[in-house]
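These are my notebook entries on a structure with several chains. I set down what I looked up, entry by entry.

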Amino acid sequence: MTKDLSRKDTTLGDALRSKGISRRSFLKFCAATASMMALPPSMIPTIANALEKARRPSVIWLSFQECTGCTESLTRAHTATVESLIFDSISLDYHHTLQAAAGHAAEAAREAAMEENKDKYLVVVDGSIPMDNPGYSTIAGISNYDMLVDTAKHAAAIVTVGTCAAFGGIPHAKPNPTGAVAVSDIIKDKPIINVSGCPPIPVVITGVLTHFLTFGTIPDLDNLGRPKTFFGQSIHDRCYRRPFYDKGLFAESFDDEGAREGWCLYKLGCKGPTTYNACATTKWNGGVSFPIESGHPCIGCSEPNFWDGGGFYKAISIPTENLTQTAIYSAAAGAAVGVAAGTLGRIKKSAAGKAHDKVTIDDLEK
Amino acid sequence: MTETELLTWARGPGFQIATVIFVLGIALRIAEIVMMGRRGNLAEPKGSAMSSGLRTVFSRTVPDASTFKRSAFTVTAGYIFHIGLFVVIFLFAPHILFFKDLLHISWPALPSTVIDATSVVTIITLIVILVHRLKDPVKRFLSNFDDYLGWFVTILPLVTGYIAFHRVGMSAPSLIAIHILSVQLLMIVFPFTKLMHAFTIFLARWYNGAISGYRGVQS
Amino acid sequence: MLETGETRMIDLRSIPLAPGEEQTIIDTLCCGEVHATLNALGPSEIHETRFTGVWLVTHYNEENSVIGRFIEITKIPDILQSQQEDMAIALQQLESELDEWGESDKTETQAETNT
Amino acid sequence: MSASFDKGYNALKEQVDASVAAFFSSCVHCGMCSDACLFFTETGAPERTPINKTEPLRRVWQQEYTLLGRIGKIFGFGKKVTDEMLTEWETLIYDSCTLCGRCSMICPVGNDIADMIRKTREGMAASGHAPPGLIGATKRAVTIGSPMGVKLPALQAQIAHVEKDTGMTIPVDVEGADYMLLLSSMEIMNFPEFIEAVGKIFKHANVSWTIASEAFEATNSGIQIGSSDIAAELVQRIVDAAAKLKVKNVISPECGHAYMAIRWEGPNLIGKPYDFKVVHILELLDDLRQQGRLKVSGRVKDKLTYHDPCQISRRGGVIDEPRNLIAMFADNFVEMPDPGKMNWCCGAGGGVSSNERADEIRLQVFQRKKDQLDAIHVDGMISACSNCRIHLEDGLEEYHMEMPVLSLTETLAENLEDK
């Protein structure tokens, strides 16, 4: 995190060599990087080639209405070697939670980095932006909105880290007192990479940064702006418990036989089928586990509005509201209207009976 | 509206609206039918209307051999898609959860692979049935908008369900939302089309069996 | 592979595995004749499995946590081979070191550099 | 007074009840009823599909008795019943339907289509859309007492003839008899042997019976044309005669719709239960058989089959009785394909035989019966309906087939043991 502007012109390959890193170590690093970016091993030589020539970009990290969980997640990234290498090779010029400087000094650093790396720097955002009253969240007296718009103006790209920045997240949940919105609701003219999750998987954050560092491009994104390499498949599709779903074997409660046998958690409200993230493969805590592996259904935290999705413990196929009552009232109302309509029908029919002219043989022809 | 919002809407207000129209419509129509009443039969009975009516409710499910031969396609295709619909609607685990939430009763599910295969067979059968309806002189003659609408709203949830299960083309929340919305379309259209036969068939068969049974013939 | 010489590499981290399944795979494959340990940015373990030509490569970081695990189907994993760039550096280094001892033993140096 | 569209429409409104509403609500347009109807199978005309024949009634139900239809009607939606429409449907409802009820047996959702067509005819008759032939027959039935114009002297002549031939006495207007026999005009005019046969059997079994001079006609054109008012008037004549003669039972003869009229529709037409029982002649004969009061001596060696008259078996409930009786004398009896309640109509019931306009199609659809007969190669065919028999003979002649068409009662009488 030291500011060494002279190093910005050197490539990552040069930097590594100057640190005495062997080619073999570099290859190992590339393999780990490929794994981290969820790229196939066949990409390793390409990555090696790209990394060799990569130049370290300047990164400005903006934290708005957030809980610092995302930063916590990032700093808990367990691939320490890789992480340190990556972070040694980027220039994190502004991160008000992590940086030593504070107040005006910090803001000065941000402005300086923006000026020096005009149109080349990367903006990372965590947290949503309050649109109701700017006073809900300010930094050094600057509203989140102003800071975002100002910083984004000359950014090469924006990476939103966490569901709050990507989709509004928990601040955006009903009733959304601060009028929280996502970065993409404000910034329309810059490429935005959404790294959603509450928090996002650390490896996914570093993976996306590495991608930008390595290739200098925006990865392939899904319709919600999330990198397809990590968000291309649903939790459900990659879940090791999927075979139980297909067989129709479900845990019915958290402590039943099915739960102990590791059966599918669909009935306990698992949002895996509608959630796109890499948890099932990348896992958490250095590949130790992920929520479903620990026996808890996925809550769908990487999806927009996950907090208002009708309850974490209600299966997706279950209506969010009480239909039984609706059905009973409707049946009663329907029967009442039906009886009324039927009565009208009967009245009509008996009127027809009264209007009946006896048919005689003289009435058979016109 | 985000896709999650759409899904949440479908699972919430969407289901409320559809349920009101579906249940209210069905109750209304059944009440309307029953309220019309029937005159009592003054002729001396030769058999029991009640027991014969009840038997016909079930026995009419199976045609006699000669009728089967004459209407082999209609009967076979009808069987396949009705059984297919039953299996797909009532024996798929997520659907059972829905009914459990609604009715507070549950029953075992079939493996999703079986449901998957059944839905393919059902979809294909329904397509063949449509082609038949368009080609067969009698069916084409009898068919009106109701028949095609009924067909469409029946096959739609099958297709959207199949796509949602396999996650083709769109993201899962959108696909599931579309599937649920297509079911709601079915529910809304249901009481006002020939789909009502799913309920009135019991009345109709009972009346048929009762009329005939009173005269001593098991129909 | 025997016919085409085509090699394959599988990233075990890209496959959704149930708890214990990774260990099962390792136990099933292990262990063949070759076992090598690298020390580059933390240790790496390279096993040839019971099936000759199938290698299991596990990379650790300096804190000994796994940062990558691959199955390679090849004659010898690339990472085991001496690298061109490293050899160049090694040669330079060797030469510079030899220069230091140059006067004391010239014959030995001749033999080394010729290889 | 005369027929009018409004009267017809009003009549249709009177006919809709819960069963009709349930039936129309259930139809899925599967078209299976077409395969059950000989007027479709032998002509291939889709408009002759049974359920289509009920369209006028369906429209009335939909527009008058469903909430949605009523709302739709306000905004001009839905197809209306018009006089032109009824004209178009007239031939479908009268010329291409014998009310045989086979469609009612196979409809997978359970619609009693024949009953719906019967109800539709009420509207057709009241709106002046009945066929002229049937109108003529109905007028004769009411004014003369018989659709064929048979008057009492003609019956008396036939009775005298039988009495002279056999030496039996045919009881007429015997007060307090157990059974009062009705006859169809066809039996009087075409098959007087029937009177002789009944006389012989009843003498053999010692049954107390009579014919009523004031109500000997069993047929009921009102049922066929679809006028409950006229049908009720004809039924009332029988009820009055039965009361006058103080009989305990009334026998419906070998005539299909006569049985439907007097046995099943009668009490509902006049609005009160009878003071007597109505039995079909076959029911009575089977009853006598069970009591051991019938002894046969002759055996018929010929290969025989039985044609079930629709209104007697499928719509009437007399299915086992004829088979029990045939078994008494027949050594070689075979069923047609689709026997009993699934039998195919001869093609002349439900007023079709009185409707000259339908003569051609009536013979065309006989092909169905021919196919049934071709499948079993019989020497003779028994039936229990004069109308069926006349048409079966017509049809056999038309298709160049030769076999006797026998009356079950007569054949039984021929084979009775002499006492």
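**Entry 1: Chain D against chain A**

I began with the contact between two chains and found that 23 residues of chain D touch 18 residues of chain A. I note here that the model is a predicted one. Which elements of chain D give two or more residues to the side that touches chain A? I listed α1 (5–15), α6 (55–65), α10 (113–126), α11 (132–143) and α16 (228–245) of chain D. I then sorted the residues on this side of chain D by class, which gave eleven nonpolar, six polar and six charged.

**Entry 2: Chain B against chain D**

I next looked up the contact between chain B and chain D, to which chain B gives 49 residues and chain D gives 51 residues. On the side of chain B that touches chain D, the elements with two or more residues are α1 (3–36), α3 (65–70), α4 (72–90), α7 (137–142) and α10 (197–214) of chain B. Which of them gives the most? I found that α10(B) does, with nine residues. By class, this side of chain B holds 19 nonpolar, 15 polar and 15 charged residues.

**Entry 3: Chains that do not touch**

I also checked pairs without contact. Chain B and chain C do not touch, and I recorded 18 Å between their nearest C-alpha atoms. Chain C and chain D likewise have no contact joining them, and their closest C-alpha atoms are 49 Å apart.

**Entry 4: Chain C by itself**

I counted three helices and five strands in chain C. Read from the N terminus, the order of its elements is β-α-β-β-β-β-α-α. Chain C has 115 residues, of which 21% count as buried. I then took the contacts in chain C between residues at least 6 apart in sequence, and 27% of these join residues at least 24 apart.

**Entry 5: A strand of chain A**

I turned to strand β3 (residues 122–126) of chain A. Is this strand enclosed or open to the outside? Five of its five residues are buried, so β3(A) is largely enclosed by the rest of the structure. For this I used the cut-off that a residue is buried if 20 or more other C-beta atoms lie within 10 Å of its own. In a regular strand, side chains alternate between the two faces of the sheet.

Which strands pair with β3(A)? Strand β1 (residues 58–63) of chain A runs parallel to β3(A), and five bridges join the two. In this pairing, A:D126 of β3(A) is the bridge partner of A:S63. Strand β7 (residues 157–161) of chain A also pairs with β3(A) in the parallel sense, over four bridges. Here A:V124 has A:V159 in β7(A) as its bridge partner.

**Entry 6: Two helices of chain B**

Finally, I looked up helix α6 (residues 112–135) and helix α8 (residues 145–166) of chain B, which pack at an angle of about 155° with their axes 10 Å apart. Angles over 145 degrees count as roughly antiparallel, and α6(B) and α8(B) are therefore roughly antiparallel to each other. The crossing of α6(B) past α8(B) is left-handed. Among the residues that meet are B:I123, B:L126 and B:L130 in α6(B) and B:W151, B:I155 and B:L158 in α8(B). I sorted this contact by class into nine nonpolar, four polar and three charged residues.

Notes:
Residues are numbered from 1 along each chain as its sequence is written. Chains are lettered from A and ligands numbered from 1 in the order in which they are written. This is a predicted model: local features need pLDDT of at least 70, side-chain atom pairs count only at pLDDT 80 or more; totals for chains, interfaces and linings use all residues. Two residues are in contact if their C-beta atoms, placed from the backbone, lie within 7 Å. Ala, Val, Leu, Ile, Met, Phe, Trp, Tyr, Cys and Pro count as nonpolar, Asp, Glu, Lys and Arg as charged, and the others, Gly among them, as polar. A residue is buried if 20 or more other C-beta atoms lie within 10 Å of its own, exposed if 12 or fewer, and partly exposed in between; C-beta atoms are placed from the backbone. Two strands pair if DSSP finds at least two bridges between them. Axes are lines fitted to C-alpha atoms, for helices over the stretch in contact, and angles run from 0 to 180 degrees between N-to-C directions. Angles under 35 degrees count as roughly parallel, over 145 as roughly antiparallel, 65 to 115 as roughly perpendicular and the rest as oblique. A crossing is left-handed if the near helix is turned anticlockwise from the far one by less than a right angle, and right-handed if clockwise.
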